[in-house]
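Hi,

Here is the structure I promised to pass on. Have a look at it first, and my notes follow below.

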Amino acid sequence: MTLAIVLAAEPAAGRLTERLAAQWRRAGADDVRVAADLTELADLVADATGPVLVSGPDLVAHTAVLKHLATSPVGPTVALVLTDPPAPGQATVREERGQVVEVGAADPSGVFGGALRVGAADLPALADAARRAAGGGPLGAVDRLVADLAARGTLIFAHRVRLLVAHRVGDEAQRAAAESAVAAVDEDRAELKLSVKERDDFFTTFFVSTWSPYVTKAAARIGIGPTGVTMVSVAFAVAAAVLFGAGGRPALVAGAVLLYLGFVLDCVDGQLARYTRHFSAWGGWLDTMADRFKEYVVYAGLGFGATHAGFRYGWALALAAMTLQTVRHMTDTWYGALHDEAARRPKVVSADAGGIGGKLNAASTRVQADTGSVSYWLKRTVVFPIGERWALIAIAAALFGPLVALVAVLVWGTLAFAYTAGLRTLRARWMRVPVLTTVDAGLHRDDGLLARTLPTARRPLLLAVLGALGAAGTLVWALLAVHGGGDLPVWVPVLALVLLLGAAQGSRAPHDGSLDWLVPAALRAAEYLFAIAVGVAGRAPAWMIFGYVLVLTLLHYDLTARLEKRQAAPPLHAATLGWPGRSLLLAIGLIAGYASYALATLGAYLLVVFVASVVLAWVVLPARARGGVRSPG
């Protein structure tokens, strides 16, 4: 149940309170109350069980602005932030990476818009902040409230207003001007434009978003939800993969067209969610998992097609592309967590502020601010985002075939990885933020029970890199041995396993180094390379090795999606054994001469656990919480 409270403590309360109360009802609030002061607000919050929406009486805005704030998916607690010049009594804010990092900032990036949504977990802090701020001060009541809430360390996200109108007014002239500005904007048309991301990549911006809103509008009219669009997008990608595998120019061209249309629908599902304001944790999780599944199924189709066309190592290229992209995504996730943590910390002038890290940070900020410039679009394109990847695959496959498409993806992906990893490493050393101290490192390392039984060793990054090098060396040795017609010496996988288990010893060590955000990606690389080495040495079918690694990526993307959404571990996470346990079982299978059986059996087991975990997390447990049975929507 969502409660909206209009705080009518300011002199202008009698003018706009009734209007705001009606707008909150249209925006989706289940109950709307008017509080005379912060003490009464605190009492109302104390009895609330769901999100609470709070606004002052001086806000004139489109109802859509309030609805967007109420349904914002970025976090549980969100504040409206405006670009208007601050008036007396209004709190200035400084925002970084979508977070309000300071209220009452000397170098503000905006002004508090007089409205916020507070998640259920932050309601005790809201009630305490209201009682503390009730004593008065130079700021208005709602501004004192958000200032005290931020001072308590509450994570507050910023909601900016684009295309629509929102202003805080202080007199009748300002109110009349703001209401005229509201009336001059077509609300529905603005909402459709807002469904498109403000900043997207080059291919998506100019070759998809120019016409995808029409598809979004049509889907909304006929009642198709974002989940339905996602599933159609998956079907298109699977069909494209089948056509790429079949080969032949007509099939390759048709596959390229389907892949493009599938990507358009991949954009439409998010646009539709933003346009209709139908957000859910299930939808966000499904979108993340579907994106990766679609891409890797396409790699599988390209690998099969290249092999079918006579290239011996088609599946190997597909495996390399999947491994590279997954490791890249892991570094993206953890670097984002690092940057978010740095933004939340007080600004401290680093000794390296004038060094290369500081200069790179300043240069990146300037480029990102210069939207539309050549340098801006070049920076967004060179990192090889998903739109550019799918465009490259479609064009290369249609014109040259699956082999060229895979090679192109690998070459560009490797260069992009080297570029981003190098720059981020320099910037991370400059930021000096121990990001993994703020999360459950053992969970997101995916260590499992075996790692917790091993002695603890420090230097987790060094151990992870040594484990990855050991796995890579084993793979190279296995390739050379199999190519020469021989077998892999037993001591090689044993030595690699020792290095891997050594990497697991860093599980409980503090991950407080400036580069420890690289640890999860290094561990993913170590496990994937070792699994591939076991499959090669055991002469398992290439498609089986690919399938096993694909299942591993699903498990790891599930963890990543939950980290990004600040959710708990999957229900059956312990049953996945952790990467050390899985690697140990594969090593035993290889030494015993049953590598193929080990890959097939363990892969099937992990897939069953993954599916069961998904059903538990998104169907069974929510149904029990609701007291009934219903599928997620």
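Val494 is found in helix H21 (helices are DSSP runs of H or I, at least four residues, numbered from the N terminus). At 37% relative accessibility, Val494 counts as partly exposed, because that class lies between buried, under 20%, and exposed, over 50% (1.4 Å probe, protein chains only).

Before going on: this is a predicted model, where local features need pLDDT of at least 70 and side-chain atom pairs count only at pLDDT 80 or more, while totals for chains, interfaces and linings use all residues. Residues are numbered from 1 along each chain as its sequence is written, and side-chain values use heavy atoms, leaving out hydrogens and water.

Now the rings. The whole structure holds 21 aromatic pairs (Phe, Tyr or six-membered Trp rings with centres within 6.5 Å; planes under 30 degrees apart are stacked, over 60 edge-to-face, the rest tilted). One of them, Phe202 with Trp377, is edge-to-face, at 5.8 Å centre to centre and 75 degrees between the planes. Since Phe202 lies in helix H8 and Trp377 in helix H15, this pair ties together parts 175 residues apart in sequence. Phe202 is partly exposed at 34%, whereas Trp377 is buried at 16%.

Tyr296 and Tyr557 form a tilted pair, with centres 6.2 Å apart and planes at 45 degrees. Tyr296 belongs to helix H12 and Tyr557 to helix H23, so parts 261 residues apart in sequence are tied together. Both Tyr296 and Tyr557 are buried.

Best wishes

Definitions and conventions
Helices (H or I, at least four residues) and strands (E, at least two) are DSSP runs, numbered from the N terminus.
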